[in-house]
Amino acid sequence: MAVSELEKAFGTLTDALNLTESEISEEIKLIEQQILELKDRIVELNGKQETLAHDRSSISEMVNRYCEENGPLN
């Protein structure tokens, strides 16, 4: 194989590796963005879960007070 053929082959290989590296870098950026979105979603859902737990507790207290004042609901 002549030197020019080797240079051409290495050039082609380098181009392919650079393309692959670019594709991998872009994929990593997309995955990192998805991770950030999922973290934000988890924080949001944790807040909603805390609100629901508080609401459940408040309703339970109201039901207990009502039952004490008015007898069982059945």
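Reply: Lysine 48 counts as partly exposed, because its relative accessibility is 45% (buried is under 20% relative accessible area, exposed over 50%, partly exposed in between; 1.4 Å probe, protein chains only). This is a predicted model, where local features need pLDDT of at least 70 and side-chain atom pairs pLDDT 80 or more, while totals for chains, interfaces and linings use all residues. Residues are numbered from 1 along each chain as its sequence is written, and side-chain values use heavy atoms, without hydrogens and water.

The side chain of lysine 48 meets that of glutamate 44 in a salt bridge, 3.4 Å from N to O (a side-chain nitrogen of Lys or Arg within 4 Å of a carboxyl oxygen of Asp or Glu). Both residues lie in helix α1, four residues apart, about one turn of the helix (helices are DSSP runs of H or I with at least four residues, strands runs of E with at least two, numbered from the N terminus).

Glutamate 44 also forms a salt bridge with arginine 41, again 3.4 Å from N to O. That pair lies in helix α1 too, three residues apart, about one turn of the helix. Glutamate 44 is partly exposed at 39% relative accessibility, and arginine 41 is partly exposed at 42%.

As for the setting, the protein has one helix and zero strands. Its C-alpha trace spans about 100 × 20 × 5 Å along the principal axes, and buried residues make up 1% of the 74 residues.
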